[in-house]
Amino acid sequence: MLSPQIPKFFFEAKESGEISKDSFLKILNEQFAFYEFFFAKNGAFTASENSLAIHSAYNPQREAEQTAEKNKSSQKEIFIFAGIGLGYLPQAFAKKFPQSTFVILEPDAPHFFAALACLDFSEIFKIEKLFFIIGAGAEQAATLVENAGGFENAQVFLTNAQAFHAKKYFEKFFSIENKNAQKSQANTNTLERFGMLWLKNSARNLQEMQRLCGANIFFGEAKSTEKNSSMPSVILAAGPTLQNILPHLAQIKERAILIALDTSLRTILRAGIEPDFIVLTDPQFWAAQHIAGLSSPSSILILESAVYPSAFRFDCRKKILISSLFPLGKFIESNLGKKGELSSGGSVATTAWEFARAIGSEKIFFAGLDLGFPQKKTHIKGSTFEEAAHAFSTRTFCAENALCKILFSAKNKIAHDYDGKKIITDERMTLFANWFENKIAAISQEKNHARTFTFSREGLFINGIDFFALEEFLFLPKITEQKKEFFERALKKNSAYEKNKFDAVLENLKKQFEELKKNSERAKTICNDILCGDPRAKNLLLELDSLDRKILSSDAKNVAALVFPTQRRLDGILANTKIPSDALLANATKSRVVYSELLNAIDLYLKYLR
């Protein structure tokens, strides 16, 4: 075991010259036996591990400097050094990229101490945005990287020899990175496809946002402080295995808070049961169609303010809003108060689960959350998906063809259910499963954290969600009176916005947009002047810098980001733009593109807010 005094001793001995280099090498080999230390041809320390050289045997500093030089044109903001070796690579990058964010990831602390003993880290410690992730689990390390800026903004450096001592750890870490990259890609695809729809819906639903209460009127109300217990929640999804639960819905409702996803509502109502809550957060037209033409007078409909406007016409007991997931709603809530924040995993099922946790349920049960195709079935019978397939069926494209298209529309993969049997799933549903696994793992350390179960063994196995037999659930006590009190307590509250304050916030946003537009137009004009060879370029650059600071500090800029091009789309626009070779003119050309796109986004918002 490494003595904590060793690093200090090494530094003092090296600085004072009290011991020779050969004696120092001997101490290194004694204290860090996992390495075989030796001198490179240029006299620098190097080492091998498991007979693999972790650095150049000739000049490890030059080797690292050459790697840094190759990456001098890198557009990444974050450098991740996976496996530290003796520290030569982060040292070389620290000299060349002092403004970047550095993440040094080393799962084994003694390997990190060995690097500290061998190399002067003073250049590395000068980095302002420096993160050491030493000895952390792979999941925790991935979370820290996300907090530091995210994998999409990072460039990873990994040498097999330097990572060999923790091969399985890094395999797991990069597996998580790959899943996060898929999630980021899915988010980008979704934003590019639906950004305009979210803007239109948000603007059309502004009055609903003003007058409706937030979902937070129910937060914590399912927990009984007197009896130190809570009411369970059952979430009904539209997977095929929901069919097995339908005959027992009345008994389940007597024993739990019943939360239906919009996709399952039609089937549930046909079974003669009205759920306590219905969750609909998808802004698309087809999501609103799941509840179109239906009625559930005793249910409370949970909405996001950017849903398709027709959803607000649904006949129910009450409608409430969760906190907005989109910039316009976020701006309003930042000024007037939150409606009820629930993190989103990209699926209405994740929102429903977060709501069940927020109200205080310590036991959450899923029915129909299959996240796959058990027995190659896609949806519960009678769901909107299946009904639509039959409604639009033709002789040449029958319902079976439509359902097969759903079955094979995404990249399929084979996974396993709760009995270890093979089940077909796809990338999209796997992302949702990963979200649940990560979220459940993250809350597992909390006191009295919610436990999650499923009533079916046929759905995709999700680590952290355990099987619970329905027969056992039906032995739980009835909670009819507790539920009645639960609704009475919550519905006495009012979290709607005062109209005059709401209107004032909107007026303030419009003024900020006008100011942002004025600054962006002036900035674009300056770029044009520079490109036309204006001799006042130096003074113009100072003015442009001042305008940039104003634009970046504007709250309206964050709202406009919804319909501003994604980085991927912006890169595509720039790739099709003729960029001059001169550095000043190149920057002016790129900046003009950015200001033009920002002006387009501002005009869209002003159009829909009028």
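A: Contact means heavy atoms within 4.5 Å. Axes are lines fitted to C-alpha atoms, for helices over the stretch in contact, and angles run from 0 to 180 degrees between N-to-C directions. Helices (H or I, at least four residues) and strands (E, at least two) are DSSP runs, numbered from the N terminus.

Q: And what kind of model is it?
A: This is a predicted model, in which local features need pLDDT of at least 70, side-chain atom pairs count only at pLDDT 80 or more, and totals for chains, interfaces and linings use all residues. Residues are numbered from 1 along each chain as its sequence is written, and side-chain values use heavy atoms, with hydrogens and water left out.

Q: How many helices and strands does the protein have?
A: The protein has 25 helices and 20 strands.

Q: What is the strand order in the open sheet of nine strands?
A: The order is 8-15-14-13-12-11-16-19-20, with parallel pairing; two strands pair if DSSP finds at least two bridges between them.

Q: Which strands stand at the edges?
A: Strand 8 (213-214) and strand 20 (465-467) do; each has a single partner strand, so one side of each lacks a neighbour in the sheet.

Q: How many bridges join strand 11 to strand 12?
A: Four bridges join strand 11 (residues 233-236) to strand 12 (residues 257-261). Val 234 has Leu 258 of strand 12 as its bridge partner.

Q: Which strands does helix 15 lie across?
A: Helix 15 (residues 348-359) lies across strands 11, 12, 13 (277-280), 14 (295-303), 16 (363-367) and 19 (451-454), running at about 160 degrees to strand 12.
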